[in-house]
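Dear colleague,

My notes on the ligand site and on some backbone features follow it.

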Amino acid sequence: MKMFRLFSHTKCFFQAKRALQRPLWPAQFTAVVQRGSFSTTSVRRQTETVPSWPKDVGILAMEVYFPSQYVDQTELEKYDGVDAGKYTVGLGQKQMGFCSAHEDINSLCLTVVQHLVERSQLSWNSIGRLEVGTETIIDKSKAVKTVLMQLFEDSGNTDVEGIDTTNACYGGTASLFNAADWVESSSWDGRYALVVCGDIAVYATGNARPTGGAGAVAMLVGPNAPLTLERGVRGTHMEHVYDFYKPDLASEYPMVDGPLSIQCYFRALDRCYATYRNKIENQWQKAGINKPCTLEDFQFMIFHTPFCKLVQKSLARMVLNDFLASPSANTESGIYKGLQEFRNVKLEETYSSKEVDKAFQKASQELFSQKTQPSLFLSARNGNMYTPSVYGCLASLLAQYSAQQLAGSRIGVFSYGSGLAASMFSLKVSQNYEAGSPLEKLVSSLSDLEVRLNSRKCVAPEKFAEIMKVREDTHHLVNHTPHGSKEDLFPGTWYIEQVDDKNRRKYARKTL
Ligand SMILES: CC(C)(COP(=O)(O)OP(=O)(O)OC[C@H]1O[C@@H](n2cnc3c(N)ncnc32)[C@H](O)[C@@H]1OP(=O)(O)O)[C@@H](O)C(=O)NCCC(=O)NCCS
C-alpha cells in the first residue's frame, strides 16, 4: 500500500495539492487573504485593507472525523453483563466509536485538518491562526498544534498563531472563542482562523466505559460566516470541583465521579442559561424590546453530549428554568400543564430529583424532538468525543436539515468541561440559503455524515476489550511500531507509523 510520510516524503503530495489551493469563502474576504505570499510586506499591505470590525464572525466550514470502527451498545450490554437496555435506553447510546493502537490525538487532528483544507480547497497560506482544544495529553510540553505545523511545511507559512487549550471537554469552545476573538481584534491580519477539537474518550472497565467515544472536528473561522457567533451574550460558569480529572499522567483513563459530574453539568447549565438570558434581554431592552428570553427563542438547542439521555434531561431542565422564571405561567394548559406542584422548587435542590426529572422530560418531549434530537445523530452512534462533542452535534444538525430550513434560525449551544468550565452561547444562521451561498456550501459539505457512519466496521465487544488492552499496554511505550491492521482505516487517515527510542512519533497517511 502506498503511504504518504510526514517529515521527508510529503513534497509530491503537497505539490499536487497546491494546484488545488484556492479558498472558497466568501469573495469579499478571500480578496484579502489570497494576496501573494506572506512576506512581511504583504502582511502589512493586507493589514491596511482589513476592516477594523469585521462583520458576522463565525463558522465558515466544518469537517468531522470519527474512527472507522465501533462497538454496538446492545452487544456491550450483554458482554458487560448489565440489564438489557441500560446503555441503549438508560443512556440513549447506540454505538461507540473507538481508535485502535495506531491512532493518537495527533493523528486524529492531522486527519481532520487536512480533510478540511482539502475539501474546502483552501490555501495553507490563508490560515493565520490555528487553535487546538483537547484533553488527550500525550506530551506535557509539546502542543498538538506544533505537530499540525508539519501540514504547513511546504507552503512556507509558519506565521500561524494559537496553541493548545485544555480543560476537559471545554477546550474546543475556548479555542473557538479565541479564534473568533482574534478575528475581531487589532491583531487580525485578514486571514482565516482554524479551530480543531479532538479527543480519545476512553474509560477503565466499569460503568463509565459505555460513555466513551473518539473523534475530531475542525472549523474554519472568519467574517461573513453562515453561522455567526452572536456578540455580547455568552454566559459562562466556572468553578473548582473534582467531578472528572486525569491526575495519572501515565494512563489514558480519567478519575470520574459520575453522579457528581451530572450534578455539576446541571448546575453549570442553570447558571450559564441565567447569564445568557440576562445578557440577551439587556441587549433586547436597549433595542426597545421588552420580553423574557425562553427556549422559544432558540429554533435549535445543542449540548455537550456525554450520553444522549443527559441531553434530553438538559433540555427538560431548560424548560424548568423557564418555568421558574415565569411565576404566572399557565399550569392549566400548554407546555406547563400539571406542573403546579413544582412552582416553588429550588433549582439547586433538584439535581437528582426523579420527580422533577420525569415531569419536565414529559413536558418537554415535543420541544426535545423539534429542537435537539436531530443534533444527537452522531453522538448516539459514535459516543462522547469530549471536546468535539457539541460541535459533532452542530454537524449532525446541519447534516439533517436543508440550508433553507436552517436559514435565519438561532442555535443555542451549551458547552461543558468537567473541573469545571462551561458556557452557553448562540449561533445565528444566515438568511441566504441560495445554491452556492456559504450556508448551502457548509450544509452540503456535511451531507455525507450518515453514509460515512454506515461505512464503519462493527467490532465485537471481545475485540474492543482486546484493543483497549493493547492501547493500555502501549500508551507511552517507546521504540515501537503500533500493532494492528491499517486496512480498516478510512482513506486519507493519518496514523502513527513509529515511536522511536526518544518517544518521538512519526506519522504516515493512508492513501486517499
Ligand atoms: C453516567 C454514569 C454515571 C452512569 O452509570 P451508572 O451509575 O452505572 O448508571 P445508572 O445506574 O444511573 O443508569 C443509567 C440510567 O439508565 C437507566 N437504566 C438502568 N438499567 C436500565 C435498563 N435495563 N433499561 C432501561 N434503563 C435502564 C437508569 O435508570 C438510569 O436512568 P435515570 O438516570 O434516568 O434514572 C456513568 O456512565 C459515568 O460515570 N459516565 C462518565 C461520566 C459522565 O459521562 N458524566 C456526564 C457529565 S460530564
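This is a predicted model: local features need pLDDT of at least 70, side-chain atom pairs count only at pLDDT 80 or more; totals for chains, interfaces and linings use all residues.

Residues are numbered from 1 along each chain as its sequence is written, and side-chain values use heavy atoms, with hydrogens and water left out.

The shell around the ligand holds 20 residues, of which Ala84, Lys86, Ser261, Lys313 and Lys354 come nearest (a residue is near a molecule if one of its heavy atoms lies within 4 Å of it). By class, 10 of the shell residues are nonpolar, 6 polar and 4 charged; here Ala, Val, Leu, Ile, Met, Phe, Trp, Tyr, Cys and Pro count as nonpolar, Asp, Glu, Lys and Arg as charged, and the others, Gly among them, as polar. Helix 5 (86-90), helix 9 (258-286) and helix 10 (308-324) each supply at least two residues of this shell, and helix 5 gives the largest share, 3 residues. Helices (H or I, at least four residues) and strands (E, at least two) are DSSP runs, numbered from the N terminus.

A ligand nitrogen atom lies 2.8 Å from a backbone N or O atom of Ala84, and a ligand nitrogen atom is 2.8 Å from a side-chain N or O atom of Ser261. An oxygen atom of the ligand is 2.8 Å from a polar side-chain atom of Lys354.

Turning to the backbone, a cis peptide bond, with omega about 10°, joins Gly419 and Leu420. Leu420 belongs to the loop between strand 14 (410-417) and strand 15 (421-429).

Gln121, although not a glycine, has a positive phi of about 50°; this residue lies in the loop between helix 6 (105-119) and strand 5 (127-133). Tyr386, also not a glycine, has a positive phi of about 65° and is found in the loop between helix 13 (377-382) and helix 14 (389-400). Tyr386 is buried, at 1% relative accessibility, while Gln121 is partly exposed at 22% (buried means under 20% relative accessible area, exposed over 50%, partly exposed in between, with a 1.4 Å probe and protein chains only).

Yours sincerely

Conventions. A polar contact is a pair of N or O atoms within 3.5 Å; within protein, one must be able to donate a hydrogen and the other to accept it, and residues adjacent in sequence count only if both atoms are side-chain atoms.
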